[in-house]
Amino acid sequence: MNTIRVPIAIIITIFALLTISARAQTGTPASNAFTFQGELNFNNMPVNIDLQVSFRLFANPTGNGINDVVSPEIIRTVHFDNRGRFGVLLDFGDTYNGYQIFNGDERYMQITLLDPPGGLEEDIPLSPRAKLAASPMAAYALNARIPTFSEISEGTLESTDALGSLALNTLDDDLGLTIRPNGGVGTLFTYSGIQASNPFAFSSTQGPLSFQTDTDDLTLTSATGNIKLNAPIGDLALIADEEFSLTTTTNGSMSIDSNGIQLQSSNLDLSASASFDIASSAVLSISSAGILNLTGGLITINGNSFNGAQIILSQDLLATSNAFKPGGGPWAVLSDKRQKKNITPLQGSLQTLLALQPITYEYTDPKNPMFLPGIQAGFVAQQVRQILPNWVDESTDGTLLLTPRGFEAMVVDALQELRADKDSQIQQLQQENAALRARLDRIEQHLMSQPSN
């Protein structure tokens, strides 16, 4: 006998006497119904009235989350005898939200008195929940039907159980075998060394789909066709601690489309010989601690328009052909005054820019990704570093890269210096001109005042 404390000092004694209800006819399987019996006392006196009582099964002794509830709610009018005893027949059915109710896991009964008399006008859940004995689950397991199977069709044996307990391809044991518990929750065994010659798809209609390898590489490769990763209403995350590669060859195309996309790895290689398309309606994050390589005959990121999405490239972006911004203009840079401190006027830019040595040149290595043929105009990074060291970066192999920073501000400052110098010269010339004009006027007046011969 268990003593249970609940609000308003209701004391309950429940006997979990669980009896399976089944027909006596031979060949008729047992149902999920069972008899639940108990005893209810209030202030040490047996309750002997009829009450509305709610019964519901939970996966845990506490908690009311969406994953805790495992059955529908059953409401019964329960009759208590003069000793407070009751018995009620409960049948929660076979499944709840597509999952087996009695699958061998522990089950806890939540009993709730619905608006009992006494003027409180509230439902009273009894605590703790009553843990079910193994009888219902064991009886169901012993009498469970064996799922029927379809005939072998095109080398595939598939369970016709609506919950899909077994999937097996019999043509090639490398294709894969998956065995799930009766009810389709979780996986008992899976083998997926997949080598499919015909179109082959992984899909999940109810929950997330995960490709995972704990200690080795994970590779998705299409030798002759297309690769498409699509999560239309969720986020798509592709993460690897070391290297991550998606590759198509022989005129293949690649498409990654999702609400939010995260590509993250030490070395990230996305390559398609034909076309490569990344589209995200929310945030697109491509992050590589080492090498970021985007390769394809045609690469598009949201159609090259971005559509208001936030694009984050955490490493350098190399465009081996033109990059387009409709209408032109510089790339955006953080410039809000509220994000700055130690603001001082820029000075001396004219002299600094005049110290640079513009040159023409030709590149020497056609294999370099940044190679351009023909005569180019620009600077030598070693000379620029002597004048503007913050304009020069150095790659891991020691190659110097020119990355002008603040060039626009320096140009404006230089123009302002020229303007100030010109204005000063004009003012000086105007003053000298005025002095000469005044002197000329005095000479003319003196000459005219002399008597004529």
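## Nonpolar surface patch

Leu-209, Phe-211 and Leu-218 make a nonpolar surface patch of about 260 Å². Such patches consist of residues with over 30% relative accessible area and no salt bridge, with like charges joined within 9 Å and nonpolar side chains (Val, Leu, Ile, Met, Phe, Trp, Tyr) within 5 Å. Accessible areas come from the Shrake-Rupley method with a 1.4 Å probe, and for residues only the protein chains shown count as cover. Phe-211 is located in the loop between strand S16 (189-191) and strand S17 (220-222); helices (H or I, at least four residues) and strands (E, at least two) are DSSP runs, numbered from the N terminus. With 38% relative accessibility, Phe-211 counts as partly exposed, a class that lies between buried (under 20% relative accessible area) and exposed (over 50%), for a 1.4 Å probe and protein chains only.

The model is predicted: local features need pLDDT of at least 70 and side-chain atom pairs count only at pLDDT 80 or more, whereas totals for chains, interfaces and linings use all residues. Residues are numbered from 1 along each chain as its sequence is written, and side-chain values use heavy atoms, with hydrogens and water left out.

## Nonpolar cores

A nonpolar core is a set of buried Ala, Val, Leu, Ile, Met, Phe, Trp, Tyr and Cys residues joined through side-chain atoms within 4.5 Å. The largest core has 25 residues, and those with the most contacts inside it are Phe-34, Phe-36, Phe-55, Leu-57, Leu-90, Phe-92 and Met-109. At least two residues of this core are supplied by each of S3, strand S5 (50-58), strand S6 (74-79), strand S7 (85-90) and S10. S5 provides the largest share, 4 residues. Another core, of 10 residues, lies apart from this one and includes Ala-231, Leu-236, Leu-246 and Ile-286.

## Aromatic and cation-ring contacts

The structure holds 8 aromatic pairs. Rings of Phe, Tyr and Trp (its six-membered ring) pair if their centres lie within 6.5 Å; planes under 30 degrees apart count as stacked, over 60 as edge-to-face and the rest as tilted. One of the pairs, Phe-34 with Phe-102, is edge-to-face, at 6.2 Å centre to centre and 75 degrees between the planes. Phe-34 belongs to strand S3 (residues 34-42) and Phe-102 to the loop between strand S9 (99-100) and strand S10 (108-113), so the pair ties together parts that are 68 residues apart in sequence. Both Phe-34 and Phe-102 are buried.

The pair of Tyr-361 and Tyr-363 is edge-to-face because the ring centres are 5.4 Å apart and the planes stand at 80 degrees. Tyr-361 is partly exposed, with a relative accessible area of 23%, and Tyr-363 is partly exposed at 40%. Ring pairs also link Phe-36, Phe-55, Phe-80 and Phe-86 into a cluster. The charged end of Arg-129 sits over the ring of Phe-58, 3.7 Å from its centre; the criterion is NZ of Lys or CZ of Arg within 6 Å of the ring centre and within 35 degrees of the ring normal.

## Salt bridges

A salt bridge is a side-chain nitrogen of Lys or Arg within 4 Å of a carboxyl oxygen of Asp or Glu, and the count comes to 6 salt bridges. In the bridge between Arg-338 and Asp-336, the closest N and O atoms are 2.6 Å apart. Arg-338 is exposed, with a relative accessible area of 72%, whereas Asp-336 is partly exposed at 29%.

Glu-394 and Arg-385 meet in a salt bridge with an N to O distance of 4.0 Å. Glu-394 counts as exposed at 53% relative accessibility, and Arg-385 is partly exposed at 36%. Asp-393 and Arg-405 form a further salt bridge, at 2.9 Å from N to O. This pair links distant parts of the chain, 12 residues apart: Asp-393 lies in strand S27 (residues 392-394) and Arg-405 in the loop between strand S28 (400-402) and helix H4 (407-449).

## Backbone features

Most residues other than glycine have a negative phi, and most peptide bonds are trans. The peptide bond from Ser-127 to Pro-128 is cis, with omega near 0 degrees, and Pro-128 is placed in the loop between strand S11 (124-125) and S12.

Phi is positive in Asp-115, near 45 degrees, and in Asn-342, near 55 degrees. Asp-115 is found in the loop between S10 and S11 and is partly exposed at 45% relative accessibility. Asn-342 is in the loop between strand S24 (310-313) and helix H2 (349-354) and is exposed, with a relative accessible area of 69%.
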